[in-house]
Amino acid sequence: TGLSPIAALQGETAHLKLTAYPSNPGITVGTRFSFAVEIEPNPNIHVYAPGADELGYRVIGLNLNPVEHVRFEPVIFPESEIYHFVPLDERVPVYQRPFTLLQEAVVSGEPGVEDAFRELDALTVSGTLDYQACDDSECYMPQQLTFELPLIYLDNI
């Protein structure tokens, strides 16, 4: 009781389902928070994990647009599994089971940030999820999903 729910975005494409949400419903100066994107590939679909780019495949990517006074850390990718593509006898790192991409962020504690944030009602973080899905016989056109996640600046409440 007394807690605000954390807003989540949910969506579905021809290849996967996803849910994206921030770890905190609100932020303030110096807050460390994260964005999670839970992804569930459809049956018999995989997306490429880090390391697959070395073989020429497009790795799934979470790309957040810059936000003044917020520093984004590198995306944390979960452990992948090796997919054996029989026609080319290739072994490639993929995700074909549900997984979560995580990106941490830190709001600056520098002087002046509190004054800058006082002018805002909410801070919105936007970006894209880029991926190329494949099944056992073909790869589909690359996709770019855009999203926005609003956060509330707590000192303004």
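This is a predicted model: local features need pLDDT of at least 70, side-chain atom pairs count only at pLDDT 80 or more; totals for chains, interfaces and linings use all residues.
**Notebook: salt bridges, ring pairs and a pocket**

I started at Arg 97, which counts as exposed at 56% relative accessibility. For the cut-offs, buried is under 20% relative accessible area, exposed is over 50% and partly exposed is in between, with a 1.4 Å probe and protein chains only. Residues are numbered from 1 along each chain as its sequence is written, and side-chain values use heavy atoms, with hydrogens and water left out.

**Salt bridges**

I searched the whole structure and found four salt bridges, each a side-chain nitrogen of Lys or Arg within 4 Å of a carboxyl oxygen of Asp or Glu. Which residue does Glu 81 bridge to? Its partner is Arg 97, with the closest N and O atoms 2.6 Å apart. Glu 81 sits in strand β8 (residues 81-85) and Arg 97 in the loop between β9 (90-95) and β10 (99-107), so the pair ties together parts 16 residues apart in sequence. I took strands as DSSP runs (E, at least two residues), numbered from the N terminus. Glu 81 is partly exposed at 22%.

I also looked up Arg 71 and Glu 73, whose closest N and O atoms are 2.8 Å apart. Glu 73 is partly exposed at 23%, and Arg 71 is partly exposed at 45%. For Arg 91 and Asp 89 I noted 3.4 Å; Arg 91 is exposed at 51% and Asp 89 is exposed at 52%.

**Ring pairs**

My search gave three aromatic pairs. Rings of Phe, Tyr and Trp (its six-membered ring) pair if their centres lie within 6.5 Å; planes under 30 degrees apart are stacked, over 60 edge-to-face and the rest tilted. Phe 33 and Phe 35 are edge-to-face, at 5.5 Å centre to centre and 75 degrees between the planes. Phe 33 is buried at 3%, and Phe 35 is buried at 2%. Tyr 48 and Tyr 57 are stacked, at 4.5 Å and 20 degrees. Tyr 48 is buried at 5% and Tyr 57 is buried at 17%.

**Largest pocket**

Next I checked the pocket lining, where β1 gives the most, with four residues. Among the lining residues are Leu 9, Gln 10, Val 37, Leu 129 and Phe 147. A pocket is an open set of points on a 1 Å grid over the protein atoms alone, where a 1.4 Å probe fits, with protein on both sides within 12 Å along at least five of seven lines; lining residues have an atom within 4 Å of a point.
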